[in-house]
Protein chains: 2
Amino acid sequence: MSTLTAGTPGETFGARLARVVEERGRLCVGIDPHAALLASWGLPDSAAGIREFGLRVVEASAGTAGIVKPQIGFFERHGSAGFAALEEVLAAARAAELLVIADVKRGDVGSSVDAYGQAWLTPGSPFEADAMTAVAYQGVGSLDGVLAQASSHGKGVFVLAATSNPEATDVQTARVQSGPQQGRTVAAATVAELQARRTESSAAAPLDEFGVVVGATVDLGSYGLTPEDLARTPILAPGFGHQGASFVELPTLFGAALPAVIASASRSILSAGPDGLAAAVSSAAAEVDAACRA
Amino acid sequence: MSTLTAGTPGETFGARLARVVEERGRLCVGIDPHAALLASWGLPDSAAGIREFGLRVVEASAGTAGIVKPQIGFFERHGSAGFAALEEVLAAARAAELLVIADVKRGDVGSSVDAYGQAWLTPGSPFEADAMTAVAYQGVGSLDGVLAQASSHGKGVFVLAATSNPEATDVQTARVQSGPQQGRTVAAATVAELQARRTESSAAAPLDEFGVVVGATVDLGSYGLTPEDLARTPILAPGFGHQGASFVELPTLFGAALPAVIASASRSILSAGPDGLAAAVSSAAAEVDAACRA
C-alpha cells in the first residue's frame, strides 16, 4: 500500500484528503471512457478499450494529480467484462498513489444501501475505492449504513447537494416543510444533515469525512448556502473545462470554501488524447495550483 | 425470445406490463441475495452463492409470478464476478418469461446517464432488463436520455417518487418554489414531470411506459397525490411482507391506482428457503390475486 493515499490506521478520509491536496493539489481527473472519446483515442468501444483508456489516465495522472474519479456508468455499459476492466483500473490507481472517488451516485435503504458501501468502501473489496458519490433522494438518514462504513474504514462519501444542471432546480431548491430542517432548501438540508453526522475523529481533522457534490457553476446563495457553510466539508465540484467553469475562477466561485474544494475536470483533459494527456493533466494541475495561490 | 414478456415490435413497456399482469398477476418477487439470506439458504456469500440463489428464485417464480426484481447492490458486493453471476440470472429470468425490473436506482446527467440506459435497457446488452429503477435528485429532465432509450426499445423506467422510509420525508414532501411544478411536493412534481413525458404510443396502451416507485405503506395524501393521479402510471410498490404491508390491503392502499400496481415482496418470500420457495411464491401470488379480485 502507498503511504500518500493509504494513510495510517484510524486516519479519517478528511485527514487523508487534506494531505493529498497539500502534496498534489486539488485537481481531480475524471476517467470517463464514453464512446466518442474512445473513438477519438483510437480505442475500441469494448471492455478492452475502456481498460486501456482507464490505465492511460491513471498513468498520466500519477505523480501529477492527486485524485481521479472514474465514472462507473461507462464501465457498466460493458457488463461484467466492463467491471473486470474497472477492477484493474481501480487497482492501478491505488498503486499509483491516486485517491480514487468512485462516481456511482448510489442510494437506497437498509441492507441494499449497506451492500453499496460494502462494494465500494470495504478494504479488500474488488471495487475498493477511497470514496464514493451517493444520492439522498430517500433522505441523508437512508445513507447512514454507508456513512458508518465509511467512518470505520477511513473512507469518504460525497452526497449530491446542489448540481449545476438546469433540470435540478425543482428538487434541490424545494423547501423542507417540517422537522429540524424546516424552511431550508433540499440542498441546504442535505448539507446540514450530513454535517450533523460528523464523527468526533472527523471533527479533529482539517476536513470532514462526509462531503458533498456541488457544481462549479452553482450559485450557492440560491440554495440558501454560503461558502462559510461548506468551509470544512469536502466539495466535489464537477463542471470545470467543457462544462463551463474555468480553474482561474476557483477563488471567486468558492471563496471561504476553497480549501475544501476538489476541482474535477474530465472532457477538457481527456480530449487531449493519449499522446497529449500527460501534458494536459500537468497543465490543468498547474492552473488549479496557480488559481488557488492567487 | 419468449412471447409473453418479449412483446411485439413497437409494443410499449406499458402494454407489455399490462399483458403480463393479466396473465400472471401483479406480484413481483425480489431477488435479494444478502448475506443473512445466503447463510439461511446454506449458500456461500460469494459470486457462486448469489448465482445459485438467483437461479433458484427464477426457477421458483417461472410460470407462477410474472415479474422479478433483482436488487443489484447484492451482486455489486461481489465485484465483476458478482456481475457475471447477475448476467446469468438475468438471462435465465428472460428465458423463463419473467419480466425483469433491475433495481439499480441510477441517476446522473448527460452522457453518464445515457450510459446507464445503454447498460440496462439496450437489447443485447449483457445486463439487458425489461425496466430499471432510477432516481431524479437532479430532476426528471436529467433522466431524459434514459427515458428516450426506454421508449425506443419498449422498455420501462420506474423513478423513485414517494418511498416509505421515515428519513425520506424532508426531501420528498419539500415544496417546489418556482416553475410549472411550483407548490407541488417533490414527489408529486416527479410524478407530474414523468407523466408529461408520456409518448403518444404510450398513451394508447393501458399503462404508461414510465412508472414510479411508491412505498406500499405511503400515505399518498401527505405528498399531495391521489390514487387517481396514478391510475395509469405503473407503480412499483415495495414494502409488502416483512416491511409492513399485507397483500390483502392492496385495494385499500391503492384504490383507483390498483390496476397500475406491482406488489413487490422479497424477504417474506425468500425466507422460505430453497425448499419452501416455490410454495411461498405460489401462495403470495394467490394472495395478491385474491386481494385484487375482492
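Predicted model: local features only at pLDDT ≥ 70, side-chain atom pairs only at ≥ 80, totals over all residues.
Local features need pLDDT of at least 70 and side-chain atom pairs count only at pLDDT 80 or more, while totals for chains, interfaces and linings use all residues. Residues are numbered from 1 along each chain as its sequence is written, and chains are lettered from A in the order in which they are written.

**View 1. Chain A superposed on chain B.** A rotation of 180° with 0.0 Å of shift along its axis brings chain A onto chain B, with an RMSD of 0.0 Å (least squares on the C-alpha atoms of residues with pLDDT of at least 70 in both). The two copies are therefore related as by a two-fold rotation axis. Of the contact residues of chain A, 100% recur in chain B.

**View 2. The side of chain A that touches chain B.** In contact are 48 residues of chain A and 48 residues of chain B (C-beta atoms, placed from the backbone, within 7 Å). Helices that each supply at least two residues include α5 (79–95) and α6 (110–121) of chain A (DSSP runs of H or I, at least four residues; strands are runs of E, at least two). The largest share, six residues, comes from α6(A).

**View 3. Strand β3 (residues 99–106) of chain A.** Eight of its eight residues are buried (20 or more other C-beta atoms within 10 Å of the residue's own, all placed from the backbone). Leu99(A), Ile101(A), Asp103(A) and Lys105(A) point one way, and Val100(A), Ala102(A), Val104(A) and Arg106(A) the other.

**View 4. Neighbours of β3(A).** Val68(A) has Val100(A) as its bridge partner, and Ile101(A) stands opposite Ala131(A).

Methods
Contact = placed C-beta atoms within 7 Å. Buried ≥ 20, exposed ≤ 12 C-beta atoms within 10 Å, placed from the backbone. Pairing = 2+ DSSP bridges.
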